[in-house]
Amino acid sequence: MTVHPLLAELALRAGARAHRTVTACSCRAATLADRPDATVVRHADTVAKAHAPGTDPAVLAPRLALAAGLPDVLLAPLAATPAELHGRLVTFWPYGDPVDPADPDAAPWEAAGALLARLHRIPAPAGLPPMRGPAKAAHAVARLTAAGPHPAVAAVLGAWRALPAWARAEAPMPEPGAVCHGDLHLGQLVRHPAPDGPWRLIDVDDLGVGLPAWDLARPAAWYACGLLPPDEWTRFLDAYRAGGGPAVPASGDPWAALDVAARALTVQTAARAVTKSAAQGRSLDEVEQCLVDACARMGSVPPQLAADSAK
């Protein structure tokens, strides 16, 4: 099998950097991800990531600088400046142990909530770009509309059109903003140093200034859809509140602050699910259908918040 030149070169670069600290190594490079928006290769304790084509180095630089300056929240890069490889920007990171998807009971919801609270309370440094969450949701919907006819498209687009313009990346996000991760899910946490170190957030590609509720929106959406057990949602929310997180009130019902963002993440996830099922020529599975059904309900009931009520 022919290995893509980018993968082969990433493996070489990761190996060269790993062996600065690992003198004896019989391991081989492992491909952790190979998607259009990211290619990630691990060698020993080093990870090399090729960012999406067209990534602006002037936008990536302040995100890397923030991660380097917050090693107690974000996994810090091994180098402050990205390399260029086959037309892609490449960054190097220490390896961290990810969440085990086969052990949902061990999901670090408390750590996720606490880390987000600390991130959201940090003053935004000058030059940090906007958080990319709404733009990613808009991209998912654009891919859905380009995928062709599907019975679920109308429900997803109806829920999308009911959202305020800022949640569709058609207007600036409400002020005041906070430093946000932009794409929070359990796959964005690792233990470093592996295997028993503290949990840290990874992936700076969507990091930026925005509405902090967006970072709570994915677990909130799954909870609202019945896909996340109430006790796990409570563990996450309580840890966030205990850390002084500004996205929700310190007590009481958090939903007024989370409603719009949770709806947007439901639409984004449903759009990706429908696009994937259409490409594979299969019916929606139970979870995917649950998300589409939620979109159908949302399209008939307007959001609780207008664009400026989240300020």
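Which residue in β3 is the bridge partner of Val 40? The bridge partner of Val 40 is Lys 49, and the points below set that pair in the context of its strands. This is a predicted model, in which local features need pLDDT of at least 70 and side-chain atom pairs count only at pLDDT 80 or more, while totals for chains, interfaces and linings use all residues. Residues are numbered from 1 along each chain as its sequence is written, and side-chain values use heavy atoms, with hydrogens and water left out.

**Strand β3 and its partners**

- Helices (H or I, at least four residues) and strands (E, at least two) are DSSP runs numbered from the N terminus, and two strands pair if DSSP finds at least two bridges between them.
- Strand β2 (residues 38-43) runs antiparallel to β3, and six bridges join them.
- The hairpin of β2 and β3 has two residues between the strands, and Ala 44 takes a positive phi near 55 degrees there.
- Strand β5 (residues 88-94) is also antiparallel to β3, to which five bridges join it; Ala 50 stands opposite Val 90 in β5.
- Six of the six residues of strand β3 (residues 46-51) are buried, so the strand is largely enclosed by the rest of the structure, where buried means under 20% relative accessible area, exposed over 50% and partly exposed in between, with a 1.4 Å probe and protein chains only.
- Both faces of β3 are covered, with Thr 46, Ala 48 and Ala 50 buried on one side and Val 47, Lys 49 and His 51 buried on the other.

**An exposed loop residue**

- Pro 101 is placed in the loop between β6 (97-98) and α3 (109-120), and this residue is exposed, with a relative accessible area of 76%.
- Pro 101 and Ala 44 are 57 residues apart along the chain, and their C-alpha atoms are separated by 21 Å.

**Aromatic pairs**

- The structure holds four aromatic pairs, counted where rings of Phe, Tyr and Trp (its six-membered ring) have centres within 6.5 Å, with planes under 30 degrees apart taken as stacked, over 60 as edge-to-face and the rest as tilted.
- Trp 109 and Phe 236 form an edge-to-face pair, at 5.8 Å centre to centre and with 75 degrees between the planes.
- Because Trp 109 lies in helix α3 and Phe 236 in helix α7 (residues 230-242), this pair ties together parts that are 127 residues apart in sequence.
- Trp 109 is buried, with a relative accessible area of 7%, and Phe 236 is buried as well, with a value of 0%.
- Trp 166 and Trp 214 form another edge-to-face pair, at 6.1 Å centre to centre and with 65 degrees between the planes.
- Trp 166 lies in the loop between α5 (153-161) and β7 (178-180) and Trp 214 in helix α6 (residues 213-224), so that pair ties together parts 48 residues apart in sequence; both Trp 166 and Trp 214 are buried.
- A cluster of Trp 109, Tyr 223, Trp 233 and Phe 236 is linked by ring pairs.

**Cysteines**

- A search of the whole structure finds zero disulfides, a disulfide being a pair of cysteine sulfur atoms within 2.5 Å.
- Cys 290 is in no disulfide, and the nearest cysteine sulfur, that of Cys 225, is 5.1 Å away.
- Cys 180 counts as buried, at 0% relative accessibility.

**Cavity and pocket**

- On a 1 Å grid over the protein atoms alone, a cavity is a set of points where a 1.4 Å probe fits but cannot get out, whereas a pocket is an open set with protein on both sides within 12 Å along at least five of seven lines; lining residues have an atom within 4 Å of a point.
- Grid points are joined across faces, edges and corners, and a volume is the space filled by probe spheres set on the points.
- By this rule there is one cavity of 30 Å³ or more, and the largest cavity has a volume of about 30 Å³.
- Gly 182, Asp 183, Leu 184, Trp 214, Asp 215, Arg 218 and Leu 265 line the largest cavity, and α6 gives the most to this lining, with three residues.
- The second largest pocket holds about 240 Å³ of space, and its lining consists of Trp 222, Thr 269, Arg 272, Ala 273, Lys 276, Val 287, Glu 288 and Leu 291.
- Both α8 (255-280) and α9 (286-300) supply at least two residues each to the lining of the second largest pocket, and the largest share, four residues, comes from α8.
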